Amino acid sequence: MVAPPRLNRLTVAAAADRYLASVQVESVRGVLSPATARSYERDVRELARLVGGDRVLDDVTGEDVDDALVRYQATPDLRYSDPARKGGPGRSVATVNRFRQSVSRFFAHATRQCWVQADPMQWAAPPARSRDRLRVERTALSATAAGALLQASAATAARPAPPQGAAGARAPRTDQALALRDRLVVALLLVLGPRVSELARADVADFSREPEETRWRIVGKGGSIRTVALSPPLASALEDYLAELRPRLAARRSDDPDAQRALLLTWRGRRIDTQAVRALLARAVERMPSTYRRPATPHALRHTTATLLVAEGWDVKVVAELLGHRSIATTGVYLDRIEGELAAAIRSHPLSADLAVPTDVGAEAPEPLEPLEPPDAGDITDQPDSSARADLAPWLP
């Protein structure tokens, strides 16, 4: 008979150090992304500060966890250097729930390692439901705005020439013309909806380029792999970048192995990072017509992919597979409301026609209605969106 494991009474600080060491191992193995590992480390360190690093972990109760969550929510969000940018004081409900998830994972690990007798999260208050709406810059673009963004990304991003005689005036540098790269980035984000981290990590070897079809092997969260096919226009944009621009960028850092592998490079020849992707998207948004211009993040383009594909009639399961979601419930969060969609659904209700034909009691039953045709794209969205969707259609796989 095997004896039960003995409790190891570690302090909160010591337990946090051991747990974060295991998190780093999972990050190296590809189970966790570097961004997730950094988030876990930041949250667990903050928990140790809130409950006391010298305290024995097994003595932490559910009430202590609730108190830490309340104090965490009340403290300023250090991600915002300008408090005016924050919608309100303290941290949002979504941020607190993310912190709670990190804490829950930490205590689950502690329970398995016998650092605590029982998981205190069992007695902690349930997570609060977020009632905040997504920020505008994180919501889906309309089909019209998406088409305008795709066209704006192809425009040359050269800086205007300075006025003659201006002090320190220099002519625009042609080696910083990155329109082919920017067009490819925006097209991939709009059509395939990858996470910005997946796009930044992409290597040239991840693309299988054959005459008939080009496929992208995407390494997603937790090391999961999904393969998506590129439409002919998207494959053509990839080939243009690889043939014309990338060789010049890669030659600037020929001694950097990571740069030689990377698909997307900066003008200095380094692998692009997520902040650079957000910056180039912001520049493309600035070149959009003022009618459709609005703030947008790479995550908003991910919402755009899901929303437009579902509006076109694609099965949610297919969209979930494209986005790399394990559950279609997650995909449902990405589906933003389309203008006119609710009205079109009401108009197409099978009983709507009966309301226009009053019948007397005892009269003969009306003839059965013929099946209604499903609404076309013009019924679901505004008419300008329908014409713009035709411009996006060739890019879809």
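Helices H1 and H2 are roughly antiparallel to each other, since their angle is over 145 degrees, the cut-off for that term. H1 spans residues 12-28, and the two helices pack at about 175° with axes 10 Å apart. Axes here are lines fitted to C-alpha atoms over the stretch in contact, and angles run from 0 to 180 degrees between N-to-C directions. Helices are DSSP runs (H or I, at least four residues) and strands are E runs of at least two, numbered from the N terminus. On the H1 side, the contact includes Val12, Ala16, Tyr19, Leu20 and Val23. H2 contributes Pro34, Ala37, Tyr40, Val44 and Ala48, among others. Contact means heavy atoms within 4.5 Å.

This is a predicted model, in which local features need pLDDT of at least 70 and side-chain atom pairs count only at pLDDT 80 or more, while totals for chains, interfaces and linings use all residues. Residues are numbered from 1 along each chain as its sequence is written, and side-chain values use heavy atoms, with hydrogens and water left out.

Stay with H2, residues 34-51, to find Glu46. Glu46 counts as buried because its relative accessibility is 18%. Buried means under 20% relative accessible area, exposed over 50%, and partly exposed in between (1.4 Å probe, protein chains only). Leaving aside residues up to four places away in sequence, Glu46 touches Tyr72 and Phe99.

Next comes the sheet. It is open, with 3 strands in the order E1-E2-E3 and antiparallel pairing. Strand E1 (207-209) and E3 stand at the edges with a single partner strand each, so one side of each has no neighbour in the sheet. Neighbouring strands are turned by 20° against each other on average, direction ignored. Two strands pair if DSSP finds at least two bridges between them. E1 and E2 (residues 214-219) pair over 3 bridges. Ser208 has Arg215 of E2 as its bridge partner.

Now turn to H12, residues 316-323. Val319, Ala320, Leu322 and Leu323 are buried there. Seen down the helix axis, the buried residues fall within an arc of 160°, so they line one face of H12. That arc is taken from the directions from the axis to the C-beta atoms. Lys317 and Glu321, on the other side, are exposed. The buried residues pack against helix H6 (179-191), strand E3 (225-230), helix H11 (298-311) and helix H13 (328-333). At the start of H12, a side-chain oxygen of Asp315 reaches to within 2.7 Å of the backbone nitrogen of Lys317. Gly324 follows H12, with a positive phi near 85°.

Methods. A polar contact is a pair of N or O atoms within 3.5 Å; within protein, one must be able to donate a hydrogen and the other to accept it, and residues adjacent in sequence count only if both atoms are side-chain atoms. Angles under 35 degrees count as roughly parallel, over 145 as roughly antiparallel, 65 to 115 as roughly perpendicular and the rest as oblique.
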